[in-house]
Amino acid sequence: MTSWKTVQNLTTWLMMLLLCSNQLRAQLGTTPHIRHIVVGRCYSYIALVNPSLRLDCEEMWRRFEEAVLRQSSCNVTVENYQQMFYSIPQTRPCDRFLFWSKTRTLMQSYKAAVRDSWTLEDTLVGFLFNDLIWCGQEEQAGFDFSSCPAWSACRNHAVYSLWLQASQTFAEMACGNITVLLNGSIVNAFDRKSMLGSVELDNLNPQRVNYVNVKVVADLQGPFIESCSQGSIVDLIRILQSRGFRWTCSDNDQTLMILQCIQDPKQSICQTYANGLSHRQTHIQHNHTQV
């Protein structure tokens, strides 16, 4: 026979599971306080990131709401966002554009080290909506804070459509020498179905882009699956050639290796690399002394 204490314990566990389940469902809905987050980011951007930008943050938010609210979460197309995009001034910092796919953590480190890099997340739209979730309700006013469908659930997803337009605009603006950062430790590092492969690459203009500099970086401990001469990277290079782009490809970039070693200095390759640099520095100093 089950004791009363056991029943109490089971009841407590059930309540905790239900609470966690409800919290999880809530997390899948529109990001709480999204209006305050987006408008606040807008003021921060024009005050700290680009003070020369002239933009009405409240008007921008109203156009965003017009694009999303009072319609199905799966019925928001790129066209819905066009009025919002038209109202946003665009910046074109040539020679600074950085494209990436499946290398987010390393991209962030690379941006911190190479401070003149410019990613989609540095544009106003990218800055405002990065890591946020949203969807409207067809039958009711306001956002749906309880549940939003996954990106894969429908073609005209509210979040996907905004990033589709943002990615297209970002690629169309690209000029000068651009960098593409890819992960050499995974199969299909260049995925034709990704935003990079399906949107950004197709909207690059070879008349405005001087060189596409592809950088392939694998995890320090491997696996070493793809490189400039192997895997999907070869497909990327073929596409660049067929469209008339000039390109370079590196799979042993010194800056990227140093950044990886800073994050994980105990790797044996980092010790070897550090010893090599130390030996080279000693050799240079010795030569200077002789001179």
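**Close-up views of the disulfides**

**View 1. A left-handed link between C74 and C154.** With -75° about its S-S bond, the link of C74 and C154 is left-handed. C74 sits in the loop between α3 and α4 (82–86), while C154 sits in the loop between α6 (124–129) and α7 (158–173), so the pair ties together parts that are 80 residues apart in sequence. In this predicted model, the S to S distance of the C74 to C154 disulfide is 2.0 Å. C74 is partly exposed, at 29% relative accessible area, whereas C154 counts as buried at 15%.

**View 2. C42 and C57 join two helices.** Look for the disulfide between C42 and C57, with an S to S distance of 2.1 Å. Because C42 belongs to helix α2 (residues 34–49) and C57 to helix α3 (residues 57–68), the bond ties together parts that are 15 residues apart in sequence. The torsion about this S-S bond is about -80°, so the disulfide of C42 and C57 is left-handed. Both C42 and C57 are buried.

**View 3. C94 and C175 form a disulfide.** Here the sulfur atoms of C94 and C175 are 1.9 Å apart. C94 is found in the loop between α4 and β1 (98–101) and C175 in the loop between α7 and β2 (176–183), so the pair ties together parts that are 81 residues apart in sequence. About the S-S bond of C94 and C175 the torsion is about -105°, so this disulfide is left-handed. C94 is partly exposed, with 39% relative accessible area; C175 is buried, with 4%.

**View 4. The whole set of disulfides.** Searching the whole structure finds six disulfides. With the bonded cysteines of the protein chain numbered in sequence order, the pairing reads 1-2, 3-7, 4-8, 5-6, 9-10, 11-12.

Notes:
Residues are numbered from 1 along each chain as its sequence is written. This is a predicted model: local features need pLDDT of at least 70, side-chain atom pairs count only at pLDDT 80 or more; totals for chains, interfaces and linings use all residues. Side-chain values use heavy atoms; hydrogens and water are left out. A disulfide is a pair of cysteine sulfur atoms within 2.5 Å. Helices (H or I, at least four residues) and strands (E, at least two) are DSSP runs, numbered from the N terminus. Buried means under 20% relative accessible area, exposed over 50%, partly exposed in between (1.4 Å probe, protein chains only).
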